[in-house]
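Q: Could you take me through how to read the features of a structure such as this one, giving the general idea first and then the case at hand?

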Amino acid sequence: MRTDTGQIIHLADYRPTDFVLERVDLTFELDPTATKIEARLIFHRREGTDPTAPLILDGDELSLSGLLIDQNEIPAERYDVTAEKLVIRDLPESTPFEVTVITIINPEANTQLMGLYRTNGVYCTQCEAEGFRRITYFPDRPDVLAPYTITIIADKAANPLLLSNGNFLGGGNYDEGRHFAAWFDPHPKPSYLFALVAGDLGVVEDTFETMSGNEVALKIYVEHGKEPRAAYAMDALKRSMKWDEERFGREYDLNIFQIVAVSDFNMGAMENKGLNVFNDKYVLADPETATDQDYANIEAIIAHEYFHNWTGNRITCRDWFQLCLKEGLTVFRDHEFSADQRSRAVKRIAEVRHLKAEQFPEDAGPLAHPVRPTAYREINNFYTTTVYEKGSEVTRMIQTVLGRDTFKKGMDVYFERHDGDAATVEDFVKCFEDASGKDLKQFSLWYHQAGTPLVSVSTAYDSASQTFSVSLEQTVQATPGQPNKEPMHIPLGFALLLDNGSLASASSVKGGDVTGEVLHLTERAQTFTFGGIGSRPVLSLNRGFSAPINLHFEQSSTDLLHIVRHEPDLFARWQALTDLALPVLMKATRDVRDGRQPEPQAELIATLLEVAADDTLEPAFRAQVLALPSEADIAREFGSNNDPDAIHAARQGILADIAKAGQATFETLFTSLVNEGDFTPDAASAGRRALRNAALSYLSYLDGGATRAAEAFASTNNMTDTIQALTVLAHRFPGQSETANALGAFLKRFQDNALVLDKWFAIQATIPGASTLARVKALMEDPHFVASNPNRVRSLIGSFTFSNPTGFSRADGEGYRFLAQQILAIDPKNPQLAARLLTSMRSWRSLEPSRAAHAEAALSEIDKALSLSTDVRDIVERILK
Ligand code: ARG
Ligand code: ZN
């Protein structure tokens, strides 16, 4: 483990390298514990730089086994080397020269899963962001681009497969039962996109013909025997390739595209040029073992990594501060892809739910940072929902501000102008300014100002003048390092709904810029006045979640109900239902906390049941509505002094009331929504399953709930229904024999399938209530718990700390102490995993005082540790500040 040095990297310090890298030639002699790497790097000194400047190469836990310049030994006084740096002096002033670096590394001992490591007997790499420097000394930064030639030599029996980036050059047998393969990637790339995989894997093959008629070989590698489970990923890949051609005119650019699924991986997946490496959870699926959510994730992540080929690889980032340039943009592209493959409105609801659940708390707490940060201590800690999801929302807003056609033109300018570049956010924005003729200076604040803007709204109708006015005021709260904020350009989708359900169109607008169905809030406070409005309209604002903001708009329940019934935009209907439900849930929480009996909520319940039973609405939408705001949503809405037990009890009470009032509806949904025929993962079938399972969940609050759930569990033919039934049993009836039986049967049936076992762990880790901590501790002793596997750790410990408010935040603070111990145990082995788990504490200050004190004490325990990774040190210090 690299321990923290306290060093902070600043965007303002960026400068190009003194040396230009022309070519990279790597030879790997693979061995589980002593892999030898010979790196031959051709450099020349950049014109106009200091002719005496030394060459500085990055390393991480490396030791140097050989160093040559132009194939000659180099005297010791010409270089200095440590595990982290190789500095070479007295290099040629103007001619290119070759540096040969030899290192020997131990993949088997690499528990951080950065650089070259082993997973289930397979060699694999992860180099983003700074893993390449764990393989060889190198200018390991994204603005150093070169073509790579790779030779891999390994034992043939154990590693029949030898893969790297680019096109296959050739291979053959070598001495002592070994063989070799050579690969060449003609597209200059930074080191973070390098990949190597070697081992014995099964393959699924297909081909794709690009729009200009090139045939691309497609290969997905998985463990032997799992080939049938890669079919859906292959299908998603082909659809992604087609979509990027149709929507953005982007064609694939090598003759082969490969994906490898591995079981030990720190993140979701990685877009290495021509050789994506995936967490197998985002590749493997079949009806028996994958849920609808798994299928949707696979489709989205396969697309995401493929889309990086243009947004990330052909055009990469100048430095890591520009991470959103590739990530925000690529998330936007994968969101659009999924929306086109599925129901756009339901997809949007899911996106916004995720954004609010993950990014809004980040932006409201101690880890808040701009989409384009200006300083970091550990770059791995900036692969955040702010960079990814808010970054995507910012891209979406550019499209909203410019219109879809001009946005597309701007993207064309970007691809045209920056192909082959390591670019910046400024470069990106400039393309849209040039394509549109618009000044995007104020808009760019979205990249630079952290925090979720709050827009307060009030409206007035004047029948005498037939005008309707909308007054808006924006504020952005202070965030770490940014006490004062400028007013932002907030594009607000809107509609004025009339009594008969039609949309009013104004004859005039005063007070600000309105384009089509978008109102542009650019001042701190602004009043828009619409003329020619014959009767008082209902304002539907921030339609489609056009801007990632919080709205403070006290709309009457009559107006909200009008939106629920008449808005053509389904997303806006869902938003209105949420706005109806949240105050009710908050009021009930206060009642519980203060020992009062919560009042019955007939109006909300009637509305929800009306939507649930409305067969004209798509089932997936109705399921989203029935899900109600989560406990975390309620906590976020309170913002401070949170008591997770009160929130849980209040929400459960309302769910039970809905169940009672809606018994007939839920019975009907449960019996009528059975899909006929074989399982298919398409969105419509998934939507029916979602609604039916929502009904099952409500029915569990009525007499015979456990029996019904146990029957449902016993009679399913797909993993979605199995998981839903098992979740109902475990979460609603944790102590009952039905639950113990179902958990036991599930384990017995799926104990050989790691991805399904993860679900078994996660369901138990999220059982509400204080006693789940003991269960989690016991499960860590279960022989199926594998502490070295990140998926398993996330499924048990991560599910507990991120998704179990009453269990993790139990009143005595034991949950936090448990997390602190786990962080200290995991950090020396896998700092990235530890740091990510620790972010589950990011909202500790919004807890009620006694829990907050326990949380602070646990964080201080971590902070006191003498040796922490940079990853954990960075998070713990920022969280505590
Ligand atoms: N670029 C990858 C993706 O989003 C993720 C890499 C994450 N790297 C990290 N160090 N956390 O597709
Ligand atoms: Zn990405």
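Q: In which hand does α10 pass α11, and at roughly what angle do their axes cross?
A: In this predicted model, α10 passes α11 in a left-handed crossing. The axes of helix α10 (residues 570-593) and helix α11 (residues 602-613) come within 10 Å, and they cross at roughly 145 degrees.

Q: Which residues of α10 and α11 meet, and how do the residues of that contact divide by class?
A: From α10 come Leu577, Leu580, Ala581 and Val584, and these meet Leu604, Thr607 and Val611 of α11. The contact of α10 with α11 divides into six nonpolar residues, one polar and no charged.

Q: How do the axes of α24 and α25 lie to each other?
A: The axes of helix α24 (residues 814-826) and helix α25 (residues 831-838) come within 8 Å and cross at roughly 160 degrees. Angles over 145 degrees count as roughly antiparallel, and therefore α24 is roughly antiparallel to α25. Here too the hand can be read, for α24 passes α25 in a left-handed crossing.

Q: Which residues make the contact of α24 with α25?
A: On the α24 side there are Gln822, Ile823 and Ile826, which meet Leu833, Ala834, Leu837 and Leu838 in α25. By class, the residues of this contact are six nonpolar, one polar and no charged.

Q: At what angle does α24 pack with α26, and what is the hand of the crossing?
A: α24 and helix α26 (residues 849-864) pack at an angle of about 15 degrees, with their axes 9 Å apart. Since angles under 35 degrees count as roughly parallel, α24 and α26 are therefore roughly parallel to each other. The crossing of α24 and α26 is right-handed, whereas that of α24 and α25 is left-handed.

Q: Which residues of α24 and α26 meet?
A: Tyr816, Arg817, Leu819, Ala820, Ile823 and Leu824 in α24 meet His854, Ala855, Ala858, Glu861 and Ile862 in α26. The residues of this contact divide into eight nonpolar, one polar and two charged. Ile823 of α24 belongs to this contact and also meets residues of α25.

Q: What should I look for in the backbone, and where does Leu113 lie?
A: Most residues other than glycine have a negative phi, and most peptide bonds are trans. Leu113 has a positive phi of about 60 degrees although it is not a glycine, and its place is in the loop between β9 (97-105) and β10 (115-119). A cis peptide bond, with omega about 0 degrees, joins Glu128 and Ala129, and Ala129 lies in the loop between β11 (122-126) and β12 (146-155).

Q: Which residues surround ligand 1, and which elements each supply at least two residues of its shell?
A: Glu128 and Ala129, which the cis peptide bond joins, are among the residues around ligand 1, together with Met267, Ala269, Met270, Glu271, His304, Glu305, Glu327, Asn380 and Tyr383. β20 (269-270) and α2 (292-307) each supply at least two residues of this shell. The shell has five nonpolar, two polar and four charged residues.

Q: How can I judge the overall form, and what radius of gyration does the protein have?
A: The radius of gyration can be set against the value for a compact globule: with 881 residues such a globule would be near 29 Å, and the protein has 28 Å, which agrees. The C-alpha trace spans about 85 × 65 × 60 Å along its principal axes, and the secondary structure comes to 27 helices and 33 strands.

Key. Residues are numbered from 1 along each chain as its sequence is written. Chains are lettered from A and ligands numbered from 1 in the order in which they are written. This is a predicted model: local features need pLDDT of at least 70, side-chain atom pairs count only at pLDDT 80 or more; totals for chains, interfaces and linings use all residues. A residue is near a molecule or strand if its C-beta atom, placed from the backbone, lies within 6 Å of it. Helices (H or I, at least four residues) and strands (E, at least two) are DSSP runs, numbered from the N terminus. Ala, Val, Leu, Ile, Met, Phe, Trp, Tyr, Cys and Pro count as nonpolar, Asp, Glu, Lys and Arg as charged, and the others, Gly among them, as polar. Axes are lines fitted to C-alpha atoms, for helices over the stretch in contact, and angles run from 0 to 180 degrees between N-to-C directions. Angles under 35 degrees count as roughly parallel, over 145 as roughly antiparallel, 65 to 115 as roughly perpendicular and the rest as oblique. A crossing is left-handed if the near helix is turned anticlockwise from the far one by less than a right angle, and right-handed if clockwise. Two residues are in contact if their C-beta atoms, placed from the backbone, lie within 7 Å. The radius of gyration is taken over C-alpha atoms; the globule rule is 2.2 Å times the number of residues to the power 0.38.
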